[in-house]
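Work through the exercises below with the sequence and the model at hand, and compare each step with the solution that follows.

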Amino acid sequence: MSKITVQNLEKSYGGEELFSALSFEAQPGMRLAVAGPNGSGKSTLLRILAGRAEPEAGSVVLTKGARVGYVAQELSGADLLEPLLGWVLAALPSWRDFWREWEQAVEARDEARLGRLSERQARLESQFGYHPEHKARAILSGLGFSEDDLPRKLEWLSGGWRERAKLARVLLQGADILLLDEPTNHLDLEAVEWLEDYLLNYKGTLIFVAHDRIFLERVGTHVLVLGSARPVLRSGSFSEYLAWMAENAEQRVREAAKLSTRIEHEQEFIRRFRVKARKAAQAQSKLKRVEKMQGELSRLKGEQIAARPGHRLSFRLPEPLRGDKVAVNVVDLEFAYAERPGKRILPRLNFQIFRGRKIALVAPNGAGKSTLLKLLTGELAPSRGYAKLGNSTQLGYFSQHQTEILRPTSSVISEMRRLSDPKCSEEQLMGVLGLFLLGEAYFERPVAALSGGEKSRLVLASLFLGRSNLLILDEPTNHLDLESREGLVAALKDYEGTIFMVAHDRHLMGEVAEEIWTLGAEGVTQHHEGFEDFDAKRRAALNEARLESRRDARKPDSAVAGSPGVSDESEEAQGAGRRLSKEEKRRQAELRNACSRRLKPLRDAYAKCEQDLERVLLEQGELEAKMNDPATYESGGEAIAVNNQYREVSDWAEKLMERMAGLEADMAAIQAEMGACLE
């Protein structure tokens, strides 16, 4: 049982204290969500826990032998030349070498060596599972990689997909203590949900930083909040922490009100009697008490300000100019890169975006969402068709690279003036900057001194004062902390124009989007309900598909040639007397050859599964014998290890049988297709 103990940790950056006197203990099964505004030291804390940075004081103590999983920041040149699956598996000991040694020992009949290898095998299976390659493929699939991606070199992957690969490698290692910094960045909706389920089943100690409100809520069992006067550690979900904070805030308001009343009464007494000789001493005593109470009142008010959310929308955003009824008209829109003219990135699209609608576009990564936005904004030219904005439509566009429009030497307030509508007042400029957590302390700060997240917030803030009546947003919450996301949600809900956005932030979509559109091979499908209804139907459809797949896998295969239910005689009777021309014979021969080529890898895979299953069932029998042996239970540790191994072996056997059933179905389908074509 590995745990991590933090005692009196201190760390500063640029002369400013990030945290001090930070102490906590994280046990197995604990999923600690580290929250707080950008710059409060969340990522720094994870780097310290991972041993990648040193604290100025305090200590981090890990259970001896504990394995720590932490996503590295950079990939080396050698890493980039590795194939994806091979690089992920390289994090584990080589099973190939183990089985080679095992075969050599069996051939030499070296019982002593076999005994040592058995112990090594038990340790490896306990740490990394029975079949690491299967686990690696499952993790990569869950994070959105396809089978075609597995042999691709890492250098061919984009930055976001490389981040997924690094996450997959860490998850495969099976660490006792897992440290994750913004793991949902670069993940689409399905991958985020897969990661949630994976972490909910994780048995070790998890400490993570995330700004995805729903991810925080689902995964965290404890919350550690940095950035206030002192770190706050609470048991429970993030919403329970917020409820506790709200209750504390109300309690402070009540205490401050009572204290103000008492101070007023005491001051009234002092004003009336401090000049009277008989009451002067009593008035002086009360004066000291009032000073003490005023100090307490100042402390309570300070705590109220510290606990207050970072945004307060105290005014309405400027109303955008009224646009056309049809903000965007898309007709027969297609796109392919010039160097690959035959490969379409998008299917042919036809749709309209009507004035005032707030739409979220949902699709897996790689489906072409960002490409579509670039076509709508004119960054890319279509290969065919067009995307036309209404004559009165004024566009505001945000993507991650939009921060390049900022002038590094200009101040925040001057850039806000430059990018906003000239009619905006100084009060509006400052108000919207405050909404996006760029308050008075930022006004005269040069843009070059801002972090990446702060630059994104400045560009987003300027969009709302540019009086655009159409906002096109590409992942607007990426790199924003929780408070910034809440500010953006409030602004988008209040915005009276049209919104078309790509997002995977479920909280943002649930609060803002009135319609959900999906992008697939058939084009754009419009769902006119909100995100919650759409998501419920999507989950139900996924569950039904999984159940259907399992039912199909369990069905007896009656379509394979030679199996019961298929009459060879009837097939021959149906084909009797048919005269074939040379052209038909040639065509049928080509079909048979094509089907044989498709069947060969399936048959090879089936044979491989049979071999694996035979070995797994043998191992399962050996483990059952151990479980039935009373000597196994003399040592609690051995019994637990055997039971864990048996569960993993049984799970792998079941998956192999499911895989074999799927292969049988695929082979039967090809054979049925060949039969239909030859009729």
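**Exercise 1.** In which helix do tyrosine 241 and tryptophan 244 both lie, and how many residues apart? Then classify their ring pair.

*Solution.* The model is predicted, so that local features need pLDDT of at least 70 and side-chain atom pairs pLDDT 80 or more, while totals for chains, interfaces and linings use all residues. Residues are numbered from 1 along each chain as its sequence is written, and side-chain values use heavy atoms, without hydrogens and water.

Step 1: both residues belong to helix 10 (residues 238–273), three residues apart, about one turn of the helix; helices (H or I, at least four residues) and strands (E, at least two) are DSSP runs numbered from the N terminus.

Step 2: rings of Phe, Tyr and Trp (its six-membered ring) pair if their centres lie within 6.5 Å, with planes under 30 degrees apart counted as stacked, over 60 as edge-to-face and the rest as tilted. The centres of tyrosine 241 and tryptophan 244 are 6.2 Å apart and their planes stand at 35°, so this pair is tilted.

Step 3: ring pairs also link Phe238 with Tyr241 and Trp244 into a cluster.

**Exercise 2.** Is tyrosine 241 buried or exposed, and how does tryptophan 244 count?

*Solution.* Buried means under 20% relative accessible area, exposed over 50%, and partly exposed in between (1.4 Å probe, protein chains only). Tyrosine 241 has a relative accessible area of 9% and is therefore buried, whereas tryptophan 244, at 23%, counts as partly exposed.
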